[in-house]
Amino acid sequence: MPRPAEPPESGALEALYQEQILAHYRRPHNKGSLDEPDASATAANPLCGEAIAVTVRRDGERISEVAFAGQTCAISQASASMMTDLARGKTLPEIVALTGRLAELLRGDRAAAADPALGDLRALGGVARIPARIPCAVLPWRALTDALLQEVTDVA
Amino acid sequence: MSRRTDFPLLVRNPGMHYLDSAATAQKPRVVLDALRTFYETAYANPHRGSYALSMRATDAYHAARERIARFAGAVDSTGVIFTRGTTEAINLLATAWGRAAVGPGDEIVVTRLEHHSNFVPWQQLALAQGAAFRIAELTPDGDIDLDRLRRIVTPRTKVVAVAHVSNVLGAEIPLQEITAIARAVGARIVVDGAQGAPHIPVAFDERGIDAYAFSGHKLGGPMGIGVLVARREFLESMPPYQMGGGQIEFVNDDRTTWAPLPNKFEAGTPNVGDAVGLAAAVEYLDGIGMAEVARHARDLSAIAVRELRLVEGVRVFGPPITARCGVVSFTLDGVHPHDLATILDQDGVAIRAGHHCAQPLMRALQVPATARASFAIHNDASDVTALVAGVRKAQAIFGGVGTPAHAAAR
Ligand SMILES: Cc1ncc(COP(=O)(O)O)c(C=O)c1O
């Protein structure tokens, strides 16, 4: 006979909703949209249809400023807020590498969880225990990568 | 008496509080048994084989249609067409009837509270045919504004398409009044009964409507089977939706004639097994009595609304308690519905969070998403208690009410 569903994992919620995540959710950094951005893109979560719109200003190859908009869950808001801080001064290849590292963190990779390159993002490590929420955490990063890969599109 | 024991999945998951029946209903044992019995005793391709087993499959399919016609209050079972679900039933009408009957300058009317399944097919039909697409707005209480509806329904209106019950607000719409408004101008009236059929008798013949669509899986039947109940004259007025085996009469080199109803609309090998499963599901519901099924869900949603309103920062959407068909949509200040659903899930409480495939309504409610708990015959007061406890827990985790993110959304 198949086993009943897994009992709730103790501590998973505490790991997910750490104070740092909630702080970013309550007071997000760089929320809104930049005037006359050099690049912009929107990424939608196919599961819920919610979207994060990112606007970017560049200084040559490097990002000088990022803002995000969208009323989404705490996980994606915190990830977006942290992203706007971390992205400053980085190039597209560096953003792609960081997004890959974040994906490893979200899958529970221990080395990623200790990687200083991820900065505050390490607080998102608890998502690994609730994999249904991984798409929320990567949503803003998809938008940022798309923006950098594209010509400037109409700003929503 | 708890009917939880009728549902094997819930028996196997004692800690589970399943509050997502509006998305899909859990299956009573009798449905699973009926599926198994069909596959073990009567499985063959119906209509085709000239042997006894194929006849048994044909008979099972026929009996399922008769049983479901009875459930739907349709004397003429040839107007009961099996589809994959509500979505396919509405697409059938919007495509087969719509492309033939709607032209430039005509008008199509839907309401603000439609599920995308009863919105997008009509919107796209209007765009393709050069017709006007009109949306009947709601009153501030979330009811369909009948005065405004009367103003947008005109002699050019070809169809009024409405949900019997909103999957977000849980309200039963005033179908009788809306039918009269549509009839007065000679428009077709099409009803999306995905949320209606599980709670309100379909009573097709009594309603004077042209078509009623519902999904088997929301009634406790299998996924992949649904029903379009329609007037014979309506179905005969339109060309087939899909063409192929089983739905033809004669195929000449240069033209084809169609099989009589219902076969005309059922191209390809039919989904006999799931039709049999759905027949068992409606037998189960009729055995309890639809009045009791509805009362049970309404009582539990009333308790849930009352208890949730006691939590500071909770906002409940939708109609007064008495008009609620087992659906409670709400938000909690400072906590996004997705986070709420994750927190509830940790305690075995399954609810839906999101826009519920009703983005036009979400825009009117001015929220990006809601949390939705929905109740069925197997739920009891302990499910409500677990829901409310989880909401309070989410509030504690997020540290109180009124964060800027959500204050802005109100
Ligand atoms: C009101 C309403 N209409 C249509 C549908 C679509 O039903 P289905 O996905 O079974 O075709 C649903 C279910 O999600 C619904 O709630």
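Visitor: How many bridges join S14(B) to S15(B)?
Guide: Welcome! This is a predicted model, where local features need pLDDT of at least 70 and side-chain atom pairs count only at pLDDT 80 or more, while totals for chains, interfaces and linings use all residues. Residues are numbered from 1 along each chain as its sequence is written, chains are lettered from A, and ligands are numbered from 1, in the order in which they are written. S14(B) and S15(B) run antiparallel, and the number of bridges joining them is three.

Visitor: Which residue in S15(B) stands opposite Ala353(B)?
Guide: Strands are DSSP runs of E with at least two residues, helices are runs of H or I with at least four, and both are numbered from the N terminus. Look at S14(B), residues 352-354, and then across to S15(B), residues 370-374. Opposite Ala353(B) stands Ala371(B).

Visitor: Which strands stand at the edges of the open sheet of chain B?
Guide: The four strands follow the order S11-S12-S15-S14 with antiparallel pairing, and two strands pair if DSSP finds at least two bridges between them. An edge strand has a single partner, so one side of it is left without a neighbour in the sheet: here these are S11 and S14 of chain B.

Visitor: At about what angle does H11(B) run to S12(B)?
Guide: Axes are lines fitted to C-alpha atoms, for helices over the stretch in contact, and angles run from 0 to 180 degrees between N-to-C directions. H11(B) lies across S11, S12 and S15 of chain B, and its angle to S12(B) is about 15°.

Visitor: Which element gives the largest share of the side of domain 1 that touches domain 2 in chain B?
Guide: The domain assignment, automatic or from a database, gives domain 1 as 4-28 + 290-393 and domain 2 as 30-286. In all, 29 residues of domain 1 of chain B are in contact with 34 of domain 2 of chain B, contact being C-beta atoms, placed from the backbone, within 7 Å. With five residues, the largest share on the domain 1 side comes from H11(B).

Visitor: Why does Cys357(B) count as partly exposed, and how many neighbours does it have?
Guide: Cys357(B) sits in the loop between S14 and helix H13 (359-365) of chain B, and it touches His115(B) and His116(B), not counting residues up to four places away in sequence. A residue is buried if 20 or more other C-beta atoms, placed from the backbone, lie within 10 Å of its own, exposed if 12 or fewer do, and partly exposed in between. Cys357(B) counts as partly exposed because its C-beta neighbours inside 10 Å number 19.

Visitor: In S8(B), which residue is the bridge partner of Val80(B)?
Guide: Val80(B) belongs to strand S2 (residues 80-83) of chain B, where Val80(B) and Phe82(B) on one side and Ile81(B) and Thr83(B) on the other are all buried. S2(B) runs antiparallel to S8(B) (residues 226-230), joined by four bridges. The partner of Val80(B) there is Val229(B).

Visitor: How many residues of the shell around the ligand are polar?
Guide: The shell has 14 residues, the closest being Gly85(B), Thr87(B), Asn167(B), Ala194(B) and Ser215(B); near means a C-beta atom, placed from the backbone, within 6 Å. Ala, Val, Leu, Ile, Met, Phe, Trp, Tyr, Cys and Pro count as nonpolar, Asp, Glu, Lys and Arg as charged, and the others, Gly among them, as polar. Besides three nonpolar residues and one charged, the number of polar ones is ten.

How values were computed. Two residues are in contact if their C-beta atoms, placed from the backbone, lie within 7 Å.
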